[in-house]
Amino acid sequence: MTVELHAYHYSVYSWIARLVLREKGVSHDYVEVNPFATDMPSEYLTKHPFRRVPTLVHDGFVLYETAAITRYIDETFTGAPLQPTGNRARARLTQIIGIIDAYGYWPMVRQVFSHRVFKPCTGQPADESEVRSGIVSSERVLGALEALAEGGGFLVADQLTLADLHLAPMMAYFNAAEEGRAVLARHPKLSVWWHSMSARAAFIATDPGLPGQ
Ligand SMILES: N[C@@H](CCC(=O)N[C@@H](CS)C(=O)NCC(=O)O)C(=O)O
């Protein structure tokens with residue numbers, strides 16, 4: 001049995017996949033692919049036509065889209081289940097992942113984190129207007145997640161789920177920006193959740209850090 005994850009060190013979606021593999025205890029080979037590189041190997045595009053990361057390859061079965069990858073990992077490998085059994089809890093899990101992907105990723109990561117933290121770390125010019133507009137959009141996302149969170153250490157169903165593992169890396173990047181931290185601090189249920197998620201061994205072990213750290 002071979003499991004290969006094609007991923008990029010600083011990619012938040014790659015972190016989600018690595019985190020789920022770690023929580024499930026799935027050993028795997030890691031192949032670094034930089035989706036922002038102009039010389040990305042053309043062979044990779046046969047796996048992922050949209051030129052993104054990550055992609056999972058399990059015994060020749062190629063799968064991209066992080067939510068599909070993490071669900072597949074949970075349903076294929078042993079280890080504590082990361083999806084609840086009740087219909088409503090499962091619907092909430094899917095809803096939260098949908099919110100993160102559709103409304104959270106861009107403002108939290110590509111606007112706030114990228115322009116406040118990542119670009120300055122790598123000496124690239126940052127755009128303050130991206131940070132400001134990202135914060136406005138992120139406020140709505142955190143407000144929606146705060147309303148859906150159960151309260152306590154997990155978002156859904158009082159157990160660790162794929163929803164927690166999808167949000168945690170995004171929140172880590174958002175929280176690395178001063179403005180992001182201030183927004184998170186205004187959301188009490190998410191703050192309690194973040195305190196508990198960010199202390200998990202798998203989360204700490206998979207943290208890619210920042211360039212130059
Ligand atoms: N819908 C994709 C999104 C993956 C994604 O956007 N990955 C980023 C890195 S975090 C990427 O490859 N970006 C390359 C680009 O924007 O050109 C998924 O769920 O896997």
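The accessible surface of the protein chain comes to about 10300 Å², and 53% of that belongs to carbon and sulfur atoms (Shrake-Rupley method, 1.4 Å probe). This is a predicted model, in which local features need pLDDT of at least 70, side-chain atom pairs count only at pLDDT 80 or more, and totals for chains, interfaces and linings use all residues. Residues are numbered from 1 along each chain as its sequence is written, and side-chain values use heavy atoms, with hydrogens and water left out.

**Overall fold**

- The protein chain has 9 helices and 4 strands, taken as DSSP runs numbered from the N terminus (helices H or I, at least four residues; strands E, at least two).
- Their order along the sequence is β-α-β-α-β-β-α-α-α-α-α-α-α.
- The radius of gyration is 17 Å, close to the 17 Å from the globule rule for 213 residues, so the chain is as compact as a globular protein of that length (taken over C-alpha atoms; the rule is 2.2 Å times the number of residues to the power 0.38).
- Along the principal axes, the C-alpha atoms fill a box of roughly 45 × 45 × 30 Å.
- Of the 213 residues, 49% are buried (under 20% relative accessible area; exposed is over 50%, partly exposed in between; 1.4 Å probe, protein chains only).
- Among contacts (heavy atoms within 4.5 Å) between residues at least 6 apart in sequence, 66% join residues at least 24 apart.

**Nonpolar cores**

- The largest nonpolar core has 61 residues, and L155, L167, M170 and M171 have the most contacts inside it (a core is a set of buried Ala, Val, Leu, Ile, Met, Phe, Trp, Tyr and Cys residues joined through side-chain atoms within 4.5 Å).
- Helix 4 gives the most to this core, with 13 residues.
- Domain 1 (3–76) and domain 2 (87–206) both contribute residues, so this core lies between them (bounds from an automatic or database domain assignment).
- Leaving out residues up to four places away in sequence, L155 touches residues including I96, L148, L167, L190 and W193.
- A second, separate core of 5 residues includes Y8, M40, Y44 and V53.

**Helix 5**

- The 21 residues of helix 5 (residues 128–148) should span 30 Å at 1.5 Å a residue, which agrees with the 30 Å between its end C-alpha atoms (expected span: 1.5 Å times one less than the number of residues).
- Its buried residues include V131, I135, S138, L142 and L145.
- The buried residues of helix 5 pack against helix 4 (87–121), helix 6 (162–175), helix 7 (178–185) and helix 8 (188–197).
- E128 is found in helix 5 and counts as partly exposed because its relative accessibility is 39%.
- E128 and R116 are 12 residues apart in sequence and 7.7 Å apart in space, C-alpha to C-alpha.
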